[in-house]
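Please look through the structure shown below before reading on. The paragraphs that follow lead through it step by step.

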Amino acid sequence: MPLPNIKSLTVPQLLALRDDIDSCLEHHRAELQAQLAQLNCAGSKLRVRGTKVMPKYRHPETGETWSGRGDLAAWLAREIDAGRRREDFLIKKTPARGRNGAA
């Protein structure tokens, strides 16, 4: 379909073109909603959520934790500035227990 020269159209022609575009968009919207309904997602808002990460560092006195992701935790930055090392606050991993409770 050739595109009309919009500058040469009259106001009634522009309004008719707008109506045509609106009906075309409504048709595509209905198709997309039908596809979403088939996926059982109609009307729901899809969100991507991050996963919870176990802490990697813990302050021994205050119990504050940091996962090691994102910006450096303020409490850890203060401790590093005071001369401590990041490794001093690593949480020691314990072996995972099996299904029967044995290590």
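With which residue does Asp88 form a salt bridge? The partner is Arg85, and the closest N and O atoms of the two lie 3.4 Å apart. Asp88 itself is partly exposed, because its relative accessibility is 38%. The model in which this pair is found is a predicted one, and the pair is one of three salt bridges in the structure.

The overall layout comes next. The protein chain contains two helices and two strands, and from the N terminus on these follow the order α-β-β-α. Of its 103 residues, 8% count as buried. The chain exposes about 9,600 Å², of which carbon and sulfur atoms supply 55%. Among contacts between residues at least 6 apart in sequence, 24% join residues at least 24 apart.

Helix H1 covers residues 11-38 and holds both Arg29 and Glu26. These two residues form another of the salt bridges, with 3.3 Å between the closest N and O atoms. They are three residues apart, about one turn of the helix. An α-helix has 3.6 residues a turn, so residues three or four places apart point the same way. Arg29 counts as partly exposed because its relative accessibility is 44%, and Glu26 is likewise partly exposed, at 43%.

Helix H2, which spans residues 74-81, has two sides to consider. Its buried residues are Trp75, Leu76 and Glu79. These residues are on the same side of H2, because they cover an arc of only 95° around the axis. On the other side of H2, Arg78 and Asp81 are exposed. The cover over the buried residues of H2 includes strand S1 (57-58) and strand S2 (65-66). After H2 comes Gly83, whose phi is positive, near 105°.

Aromatic rings form a further theme, and the count comes to two aromatic pairs. The rings of Tyr57 and Trp66 have centres 5.3 Å apart and planes at 25°, so this pair is stacked. Both Tyr57 and Trp66 are buried. The rings of Trp75 and Phe89 are arranged edge-to-face, because their centres lie 5.6 Å apart and their planes stand at 80°. Since Trp75 lies in H2 and Phe89 in the segment after H2, the pair ties together parts that are 14 residues apart in sequence. Trp75 counts as buried because its relative accessibility is 5%, and Phe89 is buried too, at 1%.

What does His59 touch beyond its neighbours within four places in sequence? His59 is in contact with Glu64, Trp75, Glu79 and Phe89. His59 is found in the loop between S1 and S2. With a relative accessible area of 5%, His59 is buried, because the limit for that class is under 20%. The side chain of His59 also makes a polar contact with the side chain of Glu79, at 3.1 Å.

Glu79 has a further partner in Arg84, with which it forms a salt bridge whose closest N and O atoms are 3.7 Å apart. Arg84 counts as partly exposed because its relative accessibility is 34%, whereas Glu79 is among the buried residues of H2.

Methods. Residues are numbered from 1 along each chain as its sequence is written. This is a predicted model: local features need pLDDT of at least 70, side-chain atom pairs count only at pLDDT 80 or more; totals for chains, interfaces and linings use all residues. Side-chain values use heavy atoms; hydrogens and water are left out. Helices (H or I, at least four residues) and strands (E, at least two) are DSSP runs, numbered from the N terminus. Buried means under 20% relative accessible area, exposed over 50%, partly exposed in between (1.4 Å probe, protein chains only). Contact means heavy atoms within 4.5 Å. Accessible areas come from the Shrake-Rupley method with a 1.4 Å probe; for residues, only the protein chains shown count as cover. Rings of Phe, Tyr and Trp (its six-membered ring) pair if their centres lie within 6.5 Å; planes under 30 degrees apart count as stacked, over 60 as edge-to-face and the rest as tilted. The arc is that of the directions from the helix axis to the C-beta atoms. A polar contact is a pair of N or O atoms within 3.5 Å; within protein, one must be able to donate a hydrogen and the other to accept it, and residues adjacent in sequence count only if both atoms are side-chain atoms. A salt bridge is a side-chain nitrogen of Lys or Arg within 4 Å of a carboxyl oxygen of Asp or Glu.
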